[in-house]
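Dear colleague,

Please find below the structure that I am handing over to you. My notes on what was found in it follow directly after.

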Amino acid sequence: MAEEVAIVEEEEVEVEVVERMGSYGQKVRVLVGEASEEIMMLWGLQQPTLCAPNAFVCQSSLSLHLDACGHSLSILQSPSSLNMPGVTGAVMWDSGVVLGKFLEHAVDTGMLLLKGKKVVELGSGCGLVGCIAALLDAQVILTDLPDRLRLLKKNLESNLNHGDMRGSAKVSELTWGDEPDLQLIQPLPDFVLGSDVIYSEGAVVDLLSTLRQLSGSKTTIFLAGELRNGKTLTFDLSLHNR
């Protein structure tokens, strides 16, 4: 009688790996495969369409009011500039609010320490994220293109005039892909921040170049954005593949 052999196929068990990320004290899930694979999966599932755009901001308003770090912030906007070709950073976007509140929550819960840390924000626009970082006692340099600095400086002056503030904030011109000023890289920042920093396909390469120039072995980068179109998707895939 022939022997019957039972073949049992081993099921692959996916083990979730978590570890602490850079200067962020909370544990995060580590992707076992390529990060780009998960981004493509999210894009394929059309997760971005589940959230209404501009849920936290009103881009037709001249200002955005937000409570953060025990203060009432009033961020000036320039809605009339929104549709001008080549003009960016004139109004707030949801990702800026999300990143700012994330920093506040992370510091309040002890997961992140910004006190005394050097922070460089890219594409600061109206300046909300940088203002919140400064109120969390960081030493912040907010950067953007030359034509965006006037509005940025106004928002810093009107929202960071508290006598008891231990952080600081200043504005610096920065064009992605160009050589950064020495104040941005000497020493290298502890944190680099950016929200909704992709607005054209041509900006991706220059942004990646600038991120490399500003980053060292101890630099933590926080970027917030929406997978709203192919341009953002291209950047996310480029960032994880380099």
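Two strands are said to pair if DSSP finds at least two bridges between them. Helices (H or I, at least four residues) and strands (E, at least two) are DSSP runs, numbered from the N terminus. On that basis, strand 6 (residues 139-144) and strand 7 pair in the parallel sense over six bridges.

The model is a predicted one, in which local features need pLDDT of at least 70 and side-chain atom pairs count only at pLDDT 80 or more, while totals for chains, interfaces and linings use all residues. Residues are numbered from 1 along each chain as its sequence is written, and side-chain values use heavy atoms, with hydrogens and water left out.

Five strands form an open sheet with parallel pairing, in the order 7-6-5-8-9. Strand 7 (168-173) and strand 9 (220-224) stand at the edges with a single partner strand each, so one side of each has no neighbour in the sheet. From one strand to the next, the twist averages 20 degrees.

Five of the six residues of strand 6 are buried (under 20% relative accessible area, with a 1.4 Å probe and protein chains only).

The helices on the sheet

Helix 4 (residues 149-159) lies across strands 6 and 7 and runs at about 175 degrees to strand 7. Angles run from 0 to 180 degrees between N-to-C directions, and axes are lines fitted to C-alpha atoms, for helices over the stretch in contact. Helix 6 (residues 203-214) lies across strand 5 (118-122), strand 8 (191-195) and strand 9, at about 175 degrees to strand 5.

Helices 2 and 3

The axes of helix 2 (residues 94-108) and helix 3 (residues 128-135) come within 9 Å and cross at roughly 10 degrees. The two helices are therefore roughly parallel to each other (angles under 35 degrees). Their contact (heavy atoms within 4.5 Å) is made by residues including Gly-96, Val-97 and Leu-103 of helix 2, and by Leu-128, Val-129 and Ile-132 of helix 3.

Yours sincerely

Conventions: Angles under 35 degrees count as roughly parallel, over 145 as roughly antiparallel, 65 to 115 as roughly perpendicular and the rest as oblique. Buried means under 20% relative accessible area, exposed over 50%, partly exposed in between (1.4 Å probe, protein chains only).
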